Amino acid sequence: MDDGLLDPSIMHDYRYHDQFTEAPTKRILRIETLAESLMAELTRNAKDEDLAVADFMADTYLLFTERFEIQIKQAIEDPEVAGFKSIICYRSTESLNIEPDYERALLKIGPSFEAYIARCVERKRYRVDSKSVNDFLVLKTLELLASSYEKGTFSKPIQFHAGLGDTDIDLLQSNPAYLQPLVERYPEVPFVILHSAYPYTREAGYLAMAYKNVYLDLGEVFPMLSRDGEVKVLRQSLELVPFSKLLWSTDGHLFPETYWLANRQFREALEEVVTGFAREKDLSEQEAIGLVTAILFNNANYLYNLHYPLHDGGTAIDKRMMPYAKVIDPNREATQPSGAPKSSTSTYDVRIWSSFVKLNQEIRFVFVQWLDWMGTIRHRIYPAIEFQKLIQAGKRIEISRGNLGTLQDDTVTPVVNTTGIVCVEPDLKSLKPAAGSPRPAATVMSCLCDTEGNPIPECARCAVKKLEREVLEKHSIELLVGFEIECVFLRRGSDSEQSEYECLTTTHAWGTLSAEQWMKLLPLTMEIHDALQSIGIQIQAMHPESAPGQYEFILPPLSPTEAIDTLYQARQCIAIVAEQHSVRATLHPKPFSGAGSGAHAHVSLNSDHLSEEQLQAKGTHFWAEVLAHMEALCAFSLPESESYDRIVEDSWTGGVWVAWGTQNREVPLRKSAGNRWEIRAIDGFANMYLVLAAIMAAGLRGMDEQVEETIKDCPENPAHLDEEGRASYGITRPLPRTLEDALKALEEDQVLASILPAGMVRTYMVMKRSEQRRLLRPEPERRRWLIERY
């Protein structure tokens, strides 16, 4: 409830309304009312002659801004305050056309604020109606809300009056489209556009569709418009806006009948629109129920952090759409507000599954997937109805602990422990449709944990999630990772399973499109693109690489866990589509002589809270420590003997020296632009969760310890420099030239072992050496064995 509409002396306190409702009332704090009350306190006893006193203006300004900041910070921490509100539409000549830059706004505020103070002293009129002062109030509130997000909490929302109002607004300037620069500048803060923004409903709807931190509130037009007008506004809102972004409020005030009438008319209009959708088969019955419960209850319950149990009718909320999804742990038990009904702890956010099923109603099976030490996808298939029962009951999938110690073909290793169980816990945020499945199905990636849900040391995915969170919380840095998928398309030389593979195309070079490529490869790669798109993976580009039959698909930058999940789901899709055409898409780095395939990872460090200089400094520490462990990291990133066939000079594969360089492709670490780096010493054999966990652990240690850079930016191919030339750049260490060299480096790197989960390095070493013994076989057989598994 907005309790800043009128003088508090003539209105009930917001808590007065608790007697009429089942749940306690929460406050919406109107920032202009707060500012005016503070200024009244500061200047009520001042006299005209005080204006001529030295420092009066400066002291008043400093006191006002200090107290305003304190009050906003206290409100952010106050559980009674659900959000904030600005009515700048009523107070500024340019309404929502707000100066988006806080620093520039501070430079402009001086003369306007002095005029405001003088008016308050001389006329005892405290209304804030200066553009510069109003802009400052909004921006200061947004800055404080954004900083509360930085500290590890989520931002409370801020509401903006837009459109429909009284005669003291400038209708043209109250178009919510003017808020776009602010929305982009403060992505951590949810913006709620009030009153359907009428007559700018479609403009507000566009913002709510395009930005995940914008929501549209449908209040006030009920009952102000005619019935046809109300229905039209509701239809316009649903034209573009996901219904998880629509909220309902009455805008009732002064008279109880206003609340009753607004609720009645909105429900009537909503019934007319939604039943029409259902009648035309645009929505199923369950989807229609989900839409109604989302708009009337669930969306506001989630956005304003009220923590009430979701309505049984269903929900359209997907936490991945929320601006603070990366801060809130969807598996933790929410703290119940005072007076709120209690809800039981759940292992899963079932709402994500509900939303997924509504968009993919044909799903009949779910492939629960996880990765083993050797980077092989393991899975268990559930009928969709049984999977739903499993997650609704909060159950995990129990498997034998011994399963974690077997190789790609289930060869037993010394790691196998036949006693005990581990649990597979699907991460519902990774749900995607399964391309090419014989029956409609979905895939979901999973973590490994104990029976209580605690991560186990063998789970590299858990390690990546933990490190991702620590980098954000300790250093205000969000990591984004984008992978390249390089693969070679092969076909067997004959129908015999023992026959050798042959490249699908031979008239082939980087970026070319020969007639052979056009006929044999282009239709396949386009089909792969369409299949990836159908499961929600939008590649950024694709192109032929240098080797015969070789192609590259470029994935978008995502958070580390999501990026790796997407990588494996994309590879799976590529392999399945190719197999449907009797083609093998292999990640083998050197299936034949000539150019090979890598699995380059582009990693960028991003922050909305650090200056560019601070971010660059942290990046220097991050990558300095990664380079310090490069030889040991190769045991994870280049995990087979064949991987080292690419550690050669003059092949654009990352070179043979531990080095880095700006736009230098003959070093294992290339700085491409700003804070974006490419890790080139990786191939498709690697377990990418292990690789990223090791890199992130090293980088985090580098930032924690402020490790200084000892290797300089190398502008040349280090292999073309003599020893003295390399030394001038700090390049003194060669990369491992064999897998055994890399494993030995990992074995000796006690620091890296200490910053990874306990026992992870030791177990990996045992597994990898067991695998190498298993692979002691003639070369054609060994190559075929690896091609068929990677």
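Tutor: A term for later use comes before anything else: buried means under 20% relative accessible area, exposed over 50%, and partly exposed in between, with a 1.4 Å probe and protein chains only. This is a predicted model, where local features need pLDDT of at least 70 and side-chain atom pairs count only at pLDDT 80 or more, while totals for chains, interfaces and linings use all residues. Residues are numbered from 1 along each chain as its sequence is written, and side-chain values use heavy atoms, with hydrogens and water left out.

Student: How many disulfides are there?
Tutor: A disulfide is a covalent bond between the sulfur atoms of two cysteines. Here the criterion is a pair of cysteine sulfur atoms within 2.5 Å, and the count comes to zero. Take Cys573, whose nearest cysteine sulfur, in Cys487, is 11 Å away. Cys573 is also buried, at 2% relative accessible area.

Student: At what angle do helices H9 and H10 pack?
Tutor: Helices (H or I, at least four residues) and strands (E, at least two) are DSSP runs, numbered from the N terminus. Axes are lines fitted to C-alpha atoms, for helices over the stretch in contact, and angles run from 0 to 180 degrees between N-to-C directions. H9 (residues 227-240) and H10 (residues 256-279) pack at about 55 degrees, with axes 10 Å apart. That makes the pair oblique, the class left over once angles under 35 degrees count as roughly parallel, over 145 as roughly antiparallel and 65 to 115 as roughly perpendicular. Residues in contact (heavy atoms within 4.5 Å) include Leu234 and Leu238 of H9 and Phe266 and Phe277 of H10.

Student: What should I look for in the backbone?
Tutor: Most residues other than glycine have a negative phi, and most peptide bonds are trans. In this model the bond from Tyr198 to Pro199 is cis, with omega near 5 degrees; Pro199 sits in the loop between strand S4 (191-193) and helix H7 (201-210). The bond from Phe222 to Pro223 is cis too, with omega near 10 degrees, and Pro223 belongs to helix H8 (residues 221-224).

Student: Which phi does Leu254 have, and is it buried or exposed?
Tutor: Leu254 has a positive phi of about 70 degrees although it is not a glycine, and it is exposed, at 55% relative accessible area.
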